[in-house]
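Please keep the sequence and the structure in view while reading.

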Amino acid sequence: MNIKEVVKRKELFTGGHRACAGCGAAIVARQVLMAAGPDTVVASATGCLEVVSTIFPYTAWNVPFIHSAFENAAATISGVEALYRSWARQKKYDKKVNFIAFGGDGGTYDIGLQALSGAMERGHNILYVCYNNEAYMNTGVQRSSATPIGADTTTAPVGKVQKGKAQYRKDLTAIMVAHGIPYAAQAVVGNWRDLTNKVEKALSIEGPKFINVFQPCRLGWSYKPELTCEMGRLAVDTCAWPLYEVTNGQYKVTRPKEKKPIAEWLKLQGRFAHLFRPENKALLDQIQAETDKAWEELLRKENIASQAAAPAQPKSI
Amino acid sequence: MAKGNIVARTGNEAMAEAMRQINPDVVAAYPITPATEIVQIFASYVADGLVSTEFVPVESEHSAMSACIGSSAAGGRTMTGTSSQGLALMAEMLYIAAGLRLPIVLAVVNRALSSPINIHCDHSDTMMVRDSGWIQIFSENSQEAYDNMIQAVKIAEKAAIPVIVTTDGFIISHGMERIEILDDADVKNFVGEYKPKDYLLKLEEPITAGALDLTDYYFEHKRQQIEGFKASKAVILDVAKEFAVIAGRSYGLFEKYRLDDAEIALVAMGSTAGTTKVVVDELRQKGLKAGLLKPRVFRPFPKEEILEALKKLKAIAVMDRSDSMNGHEGPLCAEIKAAFYDIGVNKPVLNYIYGLGGREIRPEDIALVFSELSEVAGGKEKPKVSYLGVRE
Ligand SMILES: Cc1ncc(C[n+]2csc(CCOP(=O)(O)OP(=O)(O)O)c2C)c(N)n1
Ligand code: SF4
Ligand SMILES: [Mg+2]
């Protein structure tokens, strides 16, 4: 995607919405639509993105948009896409349309996991974008299964005896890969070129696609609003959020120029402040060790997959 | 006047047949006894290419209704079916479909709600969602189930309100009956093409559906929905008139059976109305002025019309196939009593809770209700609420 050309395009997710200053979710929506173009129908789960962008009588969406509930963006977009199939078969409709669902990590990893899994298994021609800010932000920063270990949230708070969330986060991208879908990827706010390329690629593939976009949230993560893109890039450089894509079973990992210690990313965020107290050093070390392990594991998968070169089961019907 | 073809069909088959003739754009459904057959039969129509419907075999009823909402908002004619726990799981989405004014048609085969788990008929599932903003039409038999499904499509689209059509689990859904089926072309003609004004697939005019309404707009939007709901009574009657022309069968908001000169009457919905008719005939032969009022449309509740039909009676028994768990009476009875209050009439109204979990309701049971009703009409006192056919 050429930046000179991109800026001339019509804004499909406009300004004037009510997201926090420096909100990464709005950036995700804008860049995904930039890549998708106007012939796109969007379904969104309840959550920050929907709440800040559709306060009646205003809307930030310049494409057809539907929100119905929290846990069902994947099912809702399935229905839209099913109608499209029906009309195409009846020769009532001949445009090419992109079908994109947006869900937060809560709406995707947790309450919406079943609907997502169902939609992926059924093979709808849809792209599901999880804007992953690692907690339930809309309702006031509660933990989700995407929240990393040690993070301070309002339902797994740091207290006299607890150190924030006690569990590791779920690897949803791996779960999506396990569905045998033709395309799954991780992207980040702060690398627009990578994100838009992945969206373009995903939309060029027939069948169900999933992109997990890491989205810094200045409120829930507690950092300075101007640092949003930097927070994303640093997450990649520290391997807190590796960028990769899996196309028909083939892994392609984007390596940071220089892998940085995870503490460099953690220390900028209020939600991890307690990790830097001397008594929590063991937890900090554990987080570094786990991050390294996950990164090695990802590289191993890339290696194995490239050797085996086994195409995943095609999933379009 | 018979206009169609005589066939033998269970309630589920009749509903599936109606769906085939309607040929909706999308059906998204999940199996549950006793409604499963409807979508199974329909899936076989899809497999045989008899319909152009896109069938979405979703992973839950919540997703079934969510996908229906997506399809309907996108501009398509959309149908589904369920029962009991499935309806309960859909409940969140039923309110949303109604609030979005989406004309989805849902076949509900009435079945008791857990717990205890049970697969047989009562009306607790449909009653659970009675305030969801869906029109609710009850059927007495397979014929009505078939006729109601066809009318429902038109009612929903004209009123911009989703419609539930119910049958009674097993009693109607699995009971084989002789029914009249219309010609495919007549049904196609009757339902016509669905032409929404705004829809998601109209890319040239993007809409935002399901926006966030706060204190400044929510109430106005709900008020519009309430007005639309009230106005749907007239739509239901208009559609019934048009239907009578092609089918030769007339429908109203309710059916009166030997009611006009009756002194005592039962109010009963669904298959029990059929049983009651038999008992009414027997009692009439014995000289008792018995009658029946069978609400067909429970939502919107045809308050004025029902009052008009009941106000001359000496005593009324309201048959509720579910309990409200409100500590005093069943949902149908509460509606009727509230209506009488409005016209300042304090009439003896007995409430019978019956048939929970599929407990049989026999002509003898109904005859017993009539005999208690006669006593009440003669001035005797009886308990306001009785539980019919239960071991105490
Ligand atoms: C069924 C249901 N349960 C709970 C809620 C309340 N709720 C709305 S948004 C939300 C959290 C959203 O979190 P996430 O999906 O991560 O999106 P974010 O707000 O972080 O963007 C919750 C719990 C709801 N709307 N519906
Ligand atoms: S809370 Fe976070 S995700 Fe929500 S609007 Fe603010 S910055 Fe964006
Ligand atoms: Mg979140």
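Helix α4 (residues 73-89) of chain A lies across two strands of chain B, β2 (26-29) and β3. The helix runs at about 155 degrees to β3(B). The model is a predicted one.

**The interface**

How many residues of chain B are in contact with chain A? The contact involves 42 residues of chain B and 43 residues of chain A. The size of an interface is often expressed as the accessible area that is lost when the parts come together. Between chain B and chain A, the buried area is about 3,300 Å², and carbon and sulfur atoms give 63% of this area. On the side of chain B, the residues that lose the most area to chain A are Leu201(B), Leu203(B) and Leu212(B), which together make up 20% of what that side buries.

Four salt bridges are counted between chain B and chain A. In one salt bridge, the side chains of Arg89(A) and Glu54(B) come together at 3.0 Å, N to O.

Several elements of chain B each supply at least two residues of the side that touches chain A: β3 (54-57), α3 (61-74), α4 (84-99) and β9 (208-209). The largest share, nine residues, comes from α3(B). Sorted by class, the side of chain B that touches chain A holds 21 nonpolar, 13 polar and eight charged residues.

**Strand pairing**

Strands of a sheet pair through backbone hydrogen bonds, in either a parallel or an antiparallel way. The table gives two pairs of strands from this model.

| Strand | Partner strand | Sense | Bridges |
|---|---|---|---|
| β2(A), residues 65-67 | β9(B) | parallel | two bridges |
| β4(B), residues 78-82 | β5(B), residues 105-110 | parallel | four bridges |

Within chain B, Gly81(B) is opposite Ala107(B) in β5(B).

**The sheet of chain B**

Chain B has an open sheet of seven strands in the order β3-β2-β4-β5-β7-β6-β13, and the pairing is mixed. Why is one side of β3 and of β13 (297-299) in chain B left without a neighbour in the sheet? Both strands stand at the edges, and each has a single partner strand, so one side of each has no neighbour there. From one strand to the next, the twist averages 20 degrees.

Notes. Residues are numbered from 1 along each chain as its sequence is written. Chains are lettered from A and ligands numbered from 1 in the order in which they are written. This is a predicted model: local features need pLDDT of at least 70, side-chain atom pairs count only at pLDDT 80 or more; totals for chains, interfaces and linings use all residues. Side-chain values use heavy atoms; hydrogens and water are left out. Contact means heavy atoms within 4.5 Å. Buried area is the accessible area (1.4 Å probe) that two parts lose on being put together, summed over both. Ala, Val, Leu, Ile, Met, Phe, Trp, Tyr, Cys and Pro count as nonpolar, Asp, Glu, Lys and Arg as charged, and the others, Gly among them, as polar. Two strands pair if DSSP finds at least two bridges between them. Axes are lines fitted to C-alpha atoms, for helices over the stretch in contact, and angles run from 0 to 180 degrees between N-to-C directions.
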